[in-house]
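Subject: Handing over a structure

Hi,

Here is the structure I promised to pass on to you. Please open it beside this email, and then read on for what turned up in it.

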Amino acid sequence: MLAAVAVAQSATDPLAGLMLQDVPVPEVRPGWSLVRVAASSLNMHDLWTLRGVGHPADQLPRVLGCDAVGYDSDGRAVVVYPVIASPDRGHGDETLDPQRALLSERHDGTFAEFLTVPTRNLLPVPAGIGMDDAACLPVAWGTAFRMLFTQAGVAAGDRVLVQGAGGGVASAAIKLALAAGAVVYTTSRSADKLELAESWGARGIATGGRLPEKVDVVAETVGEATWSHSMKCLRPGGTIVVAGATTGMNPPADLGRIFYLQQRILGSTGCTLVEMQRLLRMLDATGVRPVIDRTMPLDEIHKAFQLMIDGDLAGKVVIHPTASAAPTERQPS
């Protein structure tokens, strides 16, 4: 089968270590299932792996890809929960299992024609959600769901700031918070990305710009570049939820502000299987869907990664494993 495999890592030339290879269809171990992949989607995690960030070189070669939707051995449409973990080791929460691994870390990922995962990781795709839409959900949308609702407890009427409107998790957080009835502000340096977010119902603010009010919750995935702004925009007793730091991991903590204003800083990683189920139900009930910038065949995976590197995307890139699949133009949100 055709697969996109990370064979080497480079901080300066990450795509040099990405190869399209013919690899064997994976064998199915007890308790696992074989999935015929219908669609997958790109995440920054895939690019970090190629850059050598957070992925040991001794775990190469590795089929990349974290998100997937496809068909199980009975022909049922399924979306793949991407965390390989034990809820028992995590006190009932897979994301707290110290041995957890995202697909493509210690197990081959989704940029292939077939993959194997634990059978418990397969969730039925609701009839009202398209396969390409479902392929965008597990990592970015699952992360955003946990950030907002499990960690921060966002409810209707809350004021939420989402930093970095162009990111996959950020875009999901904007749409989910709006669907929950929150007032959403979002920042970007790109006028086009702010315009897109405003078309969903958010209120766009230039990066670092002044908000008209303090917010209850900040969804933070940018890191050093926006941290000071996030702190200053948060009301006393408010919450910053951190699920990434693409511009740097070590901003000034500003501990005086945190203790004096009794602000909360919470970490968030991925989502649980139950949260993934709740996410699917929420999208099925509300009609909210991910933004898909374009679909591309697996044999154009290098072009897809380059678009991510260049930042020339407004939404997710969906990958179809059949090399002859025709690319489509940008879909409306």
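S11 and strand S14 (residues 215-220) run parallel and are joined by three bridges; strands count as paired here if DSSP finds at least two bridges between them. In that pairing, Leu-161 has Val-218 of S14 as its bridge partner. The element names come from DSSP runs, numbered from the N terminus: helices are H or I runs of at least four residues, and strands are E runs of at least two.

Before going further, please keep in mind that this is a predicted model, in which local features need pLDDT of at least 70 and side-chain atom pairs count only at pLDDT 80 or more, while totals for chains, interfaces and linings use all residues. Residues are numbered from 1 along each chain as its sequence is written, and side-chain values use heavy atoms, with hydrogens and water left out.

**The six-stranded sheet**

S11 belongs to an open sheet of six strands with parallel pairing, in the order S13-S12-S11-S14-S15-S16. At its edges are strand S13 (203-206) and strand S16 (264-267), each of which pairs on one side only. On average, neighbouring strands in this sheet are turned by 20 degrees against each other, direction ignored. For such angles, axes are lines fitted to C-alpha atoms, for helices over the stretch in contact, and the values run from 0 to 180 degrees between N-to-C directions.

Strand S11 (residues 159-162) also pairs with strand S12 (residues 183-188), in the parallel sense and over four bridges. Here Val-162 is found opposite Thr-186 in S12. Between S11 and S12 the chain passes through helix H4 (residues 168-179), making a right-handed β-α-β crossover. Right-handed means that, with the strands pointing away from the viewer, the path from the first strand over the helix to the second runs clockwise.

Val-242 is opposite Gly-267 in S16. H4 packs on this sheet, where it touches S11 and S12, and its direction makes about 160 degrees with that of S12; contact means heavy atoms within 4.5 Å.

**The three-stranded sheet**

A second open sheet to look at has three strands in the order S2-S1-S4, with antiparallel pairing. Strand S1 (residues 2-6) is joined to S4 by two bridges, in the antiparallel sense, and Val-5 stands opposite Val-63 in S4. Across S1 and S2 lies helix H9 (residues 301-310), which runs at about 155 degrees to S2.

**Cavities and a pocket**

How many cavities of 30 Å³ or more does a search of the whole structure find? There are two. The search uses a 1 Å grid over the protein atoms alone: a cavity is a set of points where a 1.4 Å probe fits but cannot get out, a pocket is an open set with protein on both sides within 12 Å along at least five of seven lines, and lining residues have an atom within 4 Å of a point. Grid points are joined across faces, edges and corners, and a volume is the space filled by probe spheres set on the points.

The largest cavity has a volume of about 80 Å³. H4 gives the largest share of its lining, four residues, and the lining includes Trp-141, Ser-171 and Lys-175. The second largest cavity holds about 60 Å³, and helix H5 (residues 191-200) supplies the largest share of its lining, three residues. Among the residues lining this second cavity are Lys-193, Leu-196 and Trp-200.

The second largest pocket has about 260 Å³ of space. It is lined by 16 residues, of which Met-1, Pro-26, Val-63, Asp-108 and Thr-116 are the closest to its centre.

**Two backbone details**

The peptide bond from Leu-60 to Pro-61 is cis, with omega near -5 degrees. Pro-61 sits in the loop between helix H1 (44-51) and strand S4 (62-63). His-91 is a residue other than glycine with a positive phi, near 55 degrees, and is placed in the loop between strand S7 (83-84) and strand S8 (101-102).
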